[in-house]
Amino acid sequence: MTGTSKTSILILDDEPIVSKRLQPALEKKGYEVESFYESARAMARIRERTFDIVVTDLKMEGIDGMQFLAEVKKLSPRTEVIVITGFATMDTAKESMRKGVFDFLAKPFKLGEIQEVIRKAEEHIRLGE
């Protein structure tokens with residue numbers, strides 16, 4: 001994220017409805033958003049470019065959200081990662097925190113809730129620059 005450039009966000013969720021709802025709402029707020037339904041494709045994309053914020057589901061086929069989170073933080077420690085899951089437990093929340101997640105949201109969440117978390121992550125990135 002530099003000066004006047006848009007904040008870039010990658011959304012990874014194997015449920016297409018999540019991205020279909022989130023992407024247009026976030027783009028309307030001025031974010032640059034790319035959505036993925038398959039973790040392998042999202043993994044290839046994060047190796048090509050850096051995103052400011054990553055929103056990822058936890059339970060997916062192939063590479064799960066925890067592995068994806070670890071890889072994102074390894075490639076780009078400054079990228080803020082927000083985990084969303086329908087299988088929220090204290091253990092998964094703790095593990096996410098250990099791996100450097102910015103925040104953890106249990107599904108179903110309201111659009112306003114994730115927008116607020118993204119706004120806070122964006123602010124955190126700006127303060128870190």
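1. Ground rules. This is a predicted model, where local features need pLDDT of at least 70, side-chain atom pairs count only at pLDDT 80 or more, and totals for chains, interfaces and linings use all residues. Numbering starts from 1 along each chain as its sequence is written, and side-chain values use heavy atoms, with hydrogens and water left out. Helices (H or I, at least four residues) and strands (E, at least two) are DSSP runs, numbered from the N terminus.

2. α1 against α5. Two packed helices are described by the angle between their axes and the distance between the axes. Helix α1 (residues 16-28) packs on helix α5 (residues 111-128) at about 55°, with the axes 11 Å apart. So α1 is oblique to α5 (under 35 degrees counts as roughly parallel, over 145 as roughly antiparallel, 65 to 115 as roughly perpendicular, the rest as oblique). Axes here are lines fitted to C-alpha atoms, for helices over the stretch in contact, with angles from 0 to 180 degrees between N-to-C directions.

3. Who touches whom there. R21, L22, A25 and L26 of α1 meet L111, I114, Q115 and I118 of α5; contact means heavy atoms within 4.5 Å. By type, that contact has six nonpolar residues, one polar and one charged.

4. α2 against α3. These axes come within 10 Å and cross at roughly 5°, which means α2 is roughly parallel to α3. From α2, the residues S39, A42, M43, I46 and R47 meet Q67, F68, E71, V72 and L75 of α3.

5. L10 up close. Neighbours within four places in sequence aside, L10 is in contact with E34, F36, A42, R45, I46, F51, I53, V54, V55 and F68.

6. P108. Look for P108 in the loop between β5 (103-106) and α5. P108 has a relative accessible area of 79%, so it is exposed (exposed is over 50%, buried under 20%, partly exposed in between, with a 1.4 Å probe and protein chains only). The C-alpha atoms of P108 and G128 are 30 Å apart, for 20 residues along the chain.

Notes
Nonpolar A, V, L, I, M, F, W, Y, C, P; charged D, E, K, R; others polar.
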